[in-house]
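User: I would like to go through a protein model with you. Could you take me through it step by step?

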Amino acid sequence: AGADPRVAPGRPAMKDVVSRLRKPRDLEKAFVAEAAAQPAPSAGWTPTMTMFHLARWRDRLWNGLTELAAERPVNAAPGNIDELNDAEMAGATGVSLADAAAQSEVALTSIIAMWETIGDQPFSWFISESTGEAILRNSYLHPRIHLADQFVQWGEAARGRRLTDETWSELRPVEDPTRLLGAPTSHRAAHRPPQHGPHHGAATH
């Protein structure tokens, strides 16, 4: 079959990225089904807010990839990311969990289609330097960080740790996890109930 000419040496292969992008679908659908039966948390983000947040950032990345494909300047979100997340969360008011999840799914489908079209190429998106890195951070690693946080809020810290460990294990054959977001031990330490929603900066967006 030969090497994919759109993949630079040492970068994620198309089949590897696509296979990992398809996994969030089942994980997120199962999360949404389970979350619907959970009581509202006393602090932190609700499952609806989490899925709304994932949808907004997937939309944002898709817009950036569209600009890249059209050879236009790529515009990442400016300013403080945590402040942007907090301000944007007002839009989640009145959105149902099912609708937020559907929006996130549509955005993920669009990102997969874009990746299959443009492949891996240089792309400056926060700390990412290629389309493959940006997509793995945004649509594979980022959702799992938030789902692990949700499990912790449900009182299932061990489940959150298992998801984190699984994530790092699955990323290693594709990309050095420390390159994507620091050491796994320090990342696991972040899986504690947040005070005002999970704030983790731009690294995974």
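Predicted model: local features only at pLDDT ≥ 70, side-chain atom pairs only at ≥ 80, totals over all residues.

User: Is Glu71 buried or exposed?

Analyst: Glu71 counts as exposed, because its relative accessibility is 74%, and the cut-off for that class is over 50%.

User: What is the phi of Glu71?

Analyst: The phi of Glu71 is near 60°, a positive value in a residue other than glycine. As background, most residues other than glycine have a negative phi.

User: Which other residue has a positive phi although it is not a glycine?

Analyst: Phe126 is one, with a positive phi of about 55°. Phe126 sits in the loop between strand 1 (122–125) and strand 2 (128–130). Its relative accessible area is 25%, so Phe126 is partly exposed.

User: Let us step back. How many helices and strands does the chain have?

Analyst: There are 8 helices and 2 strands in the chain. Starting at the N terminus, the order of elements is α-α-α-α-β-β-α-α-α-α.

User: And what share of the residues is buried?

Analyst: The chain has 205 residues, of which 48% count as buried. The chain exposes about 9,300 Å², and carbon and sulfur atoms supply 55% of that area.

User: How far apart in sequence are the residues that touch?

Analyst: Taking contacts between residues at least 6 apart in sequence, 78% join residues at least 24 apart.

User: Could you give an example? What does Ala55 touch?

Analyst: Ala55 is part of helix 2 (residues 47–69). Leaving aside residues up to four places away in sequence, Ala55 touches Ala100, Gln103, Ser104 and Ala107. Ala55 also has its C-alpha atom 8.5 Å from that of Ala102, although the two are 47 residues apart along the chain.

User: Why does Ala55 count as buried?

Analyst: Ala55 is buried because its relative accessible area is 0%, where the class requires a value under 20%.

User: Now helix 4. Where is Ser110, and how exposed is it?

Analyst: Ser110 belongs to helix 4 (residues 97–118). With a relative accessible area of 26%, Ser110 is partly exposed. Ser110 and Trp62 are 48 residues apart in sequence, yet their C-alpha atoms are 7.0 Å apart in space.

User: How do helix 2 and helix 4 cross?

Analyst: The axes of helix 2 and helix 4 come within 8 Å and cross at roughly 25°. That angle is under 35 degrees, so helix 2 is roughly parallel to helix 4. The crossing of these two helices is left-handed. Their contact consists of 18 nonpolar, 5 polar and 3 charged residues.

User: And at what angle do helix 2 and helix 3 pack?

Analyst: Helix 2 packs against helix 3 (residues 81–88) at an angle of about 120°, with the axes 11 Å apart. Helix 2 is therefore oblique to helix 3. This crossing is right-handed.

User: Which residues meet there?

Analyst: From helix 2, the residues are Phe52, His53, Arg56, Trp57 and Arg60. They meet Ile81, Leu84, Asn85 and Glu88 in helix 3. By class, this contact of helix 2 with helix 3 has 4 nonpolar, 2 polar and 3 charged residues.

Methods:
Residues numbered from 1 in each chain as written. Heavy atoms only, no water. Helix = DSSP H or I, 4+ residues; strand = E, 2+ residues; numbered from the N terminus. Buried < 20%, exposed > 50% of the residue type's maximum accessible area, 1.4 Å probe, protein only. Contact = heavy atoms within 4.5 Å. Areas by Shrake-Rupley, 256 points an atom, 1.4 Å probe, with all protein chains shown as cover. Axes fitted to C-alpha atoms, helices over the stretch in contact; angles between N-to-C directions. Parallel < 35°, antiparallel > 145°, perpendicular 65-115°, else oblique. Left-handed = near helix turned anticlockwise from the far one by under 90°. Nonpolar A, V, L, I, M, F, W, Y, C, P; charged D, E, K, R; others polar.
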